[in-house]
Amino acid sequence: MTLAELLAARGVHRALVVDDACDEVPRSVDLTATAGDWATFAADLTPEHRELLDQASPDTVKLTFDQKVADDRYVAAAWSIRDQLDGLAAPLFEGYEAQRAADLEYVELAQAQLTALGLDTGTCGREFEDRAQAVDLVVIDLYFGGGQNEAAFQESGRRLTDAVRRRRNRPPLVLLMSRSERIFERRDEFRDT
């Protein structure tokens, strides 16, 4: 029996590949920009640039700049108007864009492999809990966020737990993926959590 036949026989027809690289907008934890990059960005902003950012993120206007760069709303605003900032935002997002492109290659490869096995396969970013309710297999990234740190590990696990809890009587199969070599160290902890 082939793997495709086995999956079909076990009722595995729909899969979801979950990776934060599928998110359209970065969060502050996704950026590799340094404090120096942000300081240069802040120093080079013209009054017109600042006005654009304030309009794009009115909830962060009264925050200090250090608070703004840690706030996902401000990061999303800078991302959304980056083309209007005369290249000033490019250094903030270049590391993120390169890493995202590399990660998306893995997502696309996983999707292609699952589709080749006959599975109806979609992709999703961090906000996948609702979509996970209708699939038989979830392929999920070990770390959500560019930092590949403990907080990124916890977020991935917490969100999967929330998704599975909603369908405790019929949980999906879960396949863990990561570009990190720590996957072998962390996989049992992730599974048990």
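Colleague: How do E1 and E2 pair, and over how many bridges?

Modeller: E1 and E2 (residues 120–124) run in the parallel sense, with five bridges between them. Strands here are DSSP E runs of at least two residues, helices are H or I runs of at least four, and both are numbered from the N terminus. Two strands count as paired if DSSP finds at least two bridges between them. Keep in mind that this is a predicted model, where local features need pLDDT of at least 70, side-chain atom pairs count only at pLDDT 80 or more, and totals for chains, interfaces and linings use all residues. Residues are numbered from 1 along each chain as its sequence is written, and side-chain values use heavy atoms, with hydrogens and water left out.

Colleague: And what about E1 and E3, which sense is that?

Modeller: Parallel, over four bridges. Take Leu16: its bridge partner in E2 is Gly122, and its partner in E3 is Val138.

Colleague: Is E1 largely enclosed or open?

Modeller: Largely enclosed by the rest of the structure, because four of its five residues (14–18) are buried. Buried means under 20% relative accessible area, exposed means over 50%, and partly exposed is in between, using a 1.4 Å probe and protein chains only.

Colleague: Switching to H8, which residues are buried there?

Modeller: In H8, residues 183–192, the buried ones are Ile183, Arg186 and Phe190. They sit on the same side of H8, because they cover an arc of only 75° around the axis. That arc is taken from the directions from the helix axis to the C-beta atoms.

Colleague: Why would residues three or four places apart point the same way?

Modeller: Because an α-helix has 3.6 residues a turn.

Colleague: What do the buried residues of H8 pack against?

Modeller: Strand E3 (137–141), helix H7 (150–165) and strand E4 (173–177). A contact means heavy atoms within 4.5 Å.

Colleague: Which exposed residues are on the face turned away?

Modeller: Phe184, Glu185, Arg191 and Asp192.

Colleague: Zooming out, how many helices and strands does the chain have?

Modeller: Eight helices and four strands, in the order α-β-α-α-α-α-α-β-β-α-β-α along the sequence. The C-alpha atoms fill a box of roughly 65 × 30 × 30 Å along the principal axes, and 43% of the 193 residues count as buried.

Colleague: How about contacts between residues at least 6 apart in sequence, what share joins residues at least 24 apart?

Modeller: For the protein chain that share is 74%.
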